[in-house]
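I opened this notebook to record what I looked up, entry by entry. The structure comes first, then my notes.

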Amino acid sequence: MQTFRTHVAHLWSAAGPGVLCRMDAALSAQLRADDDGAPLSLAWSLLIVAGMACFGAAVGAWRSPQQVLYGAVKMPLMLHAVAWLSIVANVMLNWLLGGGLSLRQVRRCILGALAVQALLLGSLSPVFLFFACQLPGPESWQAPSVYRYLLAALVASVGASGVVGYARLFRLLAALAPDRATAGRLWLAWVLTTGLVGTQCSWMLSPFVQQPGVPVPFWNTAAFSGNFFEHVWRHVLNS
Amino acid sequence: MNDTAHVPPNVAAPCPPHATPTPPEPDERRVVGWGAIADALLKDPDMLLSALTGRSASGLIGRLAALALSGTAAYGFVVGLFPGGLQVVAVPLKLAGGLLASALICWPSLYILLCLSGARQTALQVLGLLAAALALLTLLLAGFAPVAWIFTLSTRSPSFMGALHLLLWAVSCAFALRRLGLGLEALNGRPMRALPVWGAVFVLVCLQMTATLRPLLSPFSGWEFAPRAFFLETWFR
């Protein structure tokens, strides 16, 4: 038990929320050293799970207990899918663009950026939960408009926290890459890769808040018969 | 032979003749009483900041929270005088509970946003700074209470009274948030760029709390929560 506590305390001091969000010179130096002293990837993976599960559950609380459960599972799944599905491409892009980072450094950078996003969303989850429990419920006549506002708030907060997370990623890359120009190119390439994967993952795992009057599915009902871009294209053609 | 062998166990060794207990730091000693806390909040925020980041911070945080809750309850009493009856008791309790809930809801986001801005404070220190800001807010509100009370005597319009309470709260909140920002800047040596974002979230939560805790300006209708509604809808209904 004492050993477990020591491990947790070590993990917290090396890679806890405060350390990650401040992302100061000590953390950059630790990443640059590229040793396996502190399990940063494990710590940040756990932060992603905790933060996104809280956020998913809080948003889903407006709809139903089933949506709470699905949200708590799907939100962390989405971010981890983005991280792990794009990691091979990101490592290769790093080599091609002259980043010179190791696989471990790439993994830590991506997970760190996503963990910042998850922390920010997790810290907002009490606010979302409060509003989800206070706004008119899915059975009320105002439900369609509340649903639209909630969806807009969800998209805005995920988008804004993603911007903050990727801004932190640039800071990390600027500290690790040989020069700032390389860091910029690498950052852009990673943003495009993870963005591409992210849109498709969020499409497949949606809805995070199902509209009222419709059963709550786990996957998007069209998840395996099209993709995000086809869906957008059809909407453009039909409008 | 070792001299200390003559000292029996569990008996404190005598102090050397010139040794005195370590005195508390001056800033910590001066913010012990309620009056000193109120003074520090209004006149000497730097002293309060140093006390909040010092050794006896947890006791001070508790006193600041108690001050914030009692100040809110005092203002709530004046708010409750407008509808009268049982609201004189219910509104102070509701407002104090609402302030506490709002603070707890917004504390995690404050900590994370401050960390993202480069603040070096721990979560407990951030809680202390939040408690200080809320104590200042409620101190100002309590100061405005006679102003609100004089209007309570003469007007019968809930809309006017609602707007007046909102105005007084907004002024107090602006001062409290400004002081929080200045304090954090002094502690960290740089402005906290994410603080306005958190301020907006906090204001939104507090405004929604007015809908959660209603009725506040109409007669008492029981202790259960009112039906779910967005705050703007309840204001203009």
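Does B:Ser154 count as buried or exposed? I found that B:Ser154 counts as exposed, because it has 6 C-beta neighbours inside 10 Å. The rule I used calls a residue buried if 20 or more other C-beta atoms lie within 10 Å of its own, exposed if 12 or fewer, and partly exposed in between, with C-beta atoms placed from the backbone. B:Ser154 lies in helix α6 (residues 123-154) of chain B. I also looked up B:Phe82, which is 72 residues from B:Ser154 in sequence and 9.8 Å from it in space, C-alpha to C-alpha.

Ground rules. I note that this is a predicted model, in which local features need pLDDT of at least 70 and side-chain atom pairs count only at pLDDT 80 or more, while totals for chains, interfaces and linings use all residues. Residues are numbered from 1 along each chain as its sequence is written, and chains are lettered from A and ligands numbered from 1 in the order in which they are written.

Chain B as a whole. I counted nine helices and zero strands in chain B. Helices here are DSSP runs (H or I, at least four residues), strands likewise (E, at least two), numbered from the N terminus. Of the 237 residues of chain B, 39% count as buried. I took contacts between residues at least 6 apart in sequence, and in chain B 68% of them join residues at least 24 apart. Two residues are in contact if their C-beta atoms, placed from the backbone, lie within 7 Å.

Where chain B touches chain A. The contact takes 17 residues from chain B and 17 residues from chain A. On the side of chain B, the elements that give two or more residues are α5 (87-116) and α8 (195-212). The largest share of that side, eight residues, comes from α5(B). I sorted the residues of the side of chain B into twelve nonpolar, four polar and one charged. Ala, Val, Leu, Ile, Met, Phe, Trp, Tyr, Cys and Pro count as nonpolar, Asp, Glu, Lys and Arg as charged, and the others, Gly among them, as polar.

Helix α8(B). This helix has 18 residues and reaches 25 Å from its first C-alpha to its last, close to the 26 Å expected at 1.5 Å a residue. The expected span is 1.5 Å times one less than the number of residues. Its buried residues include B:Trp198, B:Phe202 and B:Met209. What covers the buried residues of α8(B) includes α7 (103-134) of chain A, together with α5, α7 (158-188) and α9 (231-236) of chain B.

A helix pair in chain A. I found that α5 (residues 65-85) and α9 (residues 180-205) of chain A pack at an angle of about 150 degrees, with their axes 9 Å apart. Axes are lines fitted to C-alpha atoms, for helices over the stretch in contact, and angles run from 0 to 180 degrees between N-to-C directions. α5(A) and α9(A) are therefore roughly antiparallel to each other (angles over 145 degrees). The residues of their contact divide into eight nonpolar, three polar and one charged.

B:Gly222 sits in the loop between α8 and α9 of chain B. B:Gly222 counts as exposed, because it has 9 C-beta neighbours inside 10 Å. The C-alpha atoms of B:Gly222 and B:Leu140 are separated by 30 Å, and the two residues are 82 apart along the chain.

Technical notes:
Angles under 35 degrees count as roughly parallel, over 145 as roughly antiparallel, 65 to 115 as roughly perpendicular and the rest as oblique.
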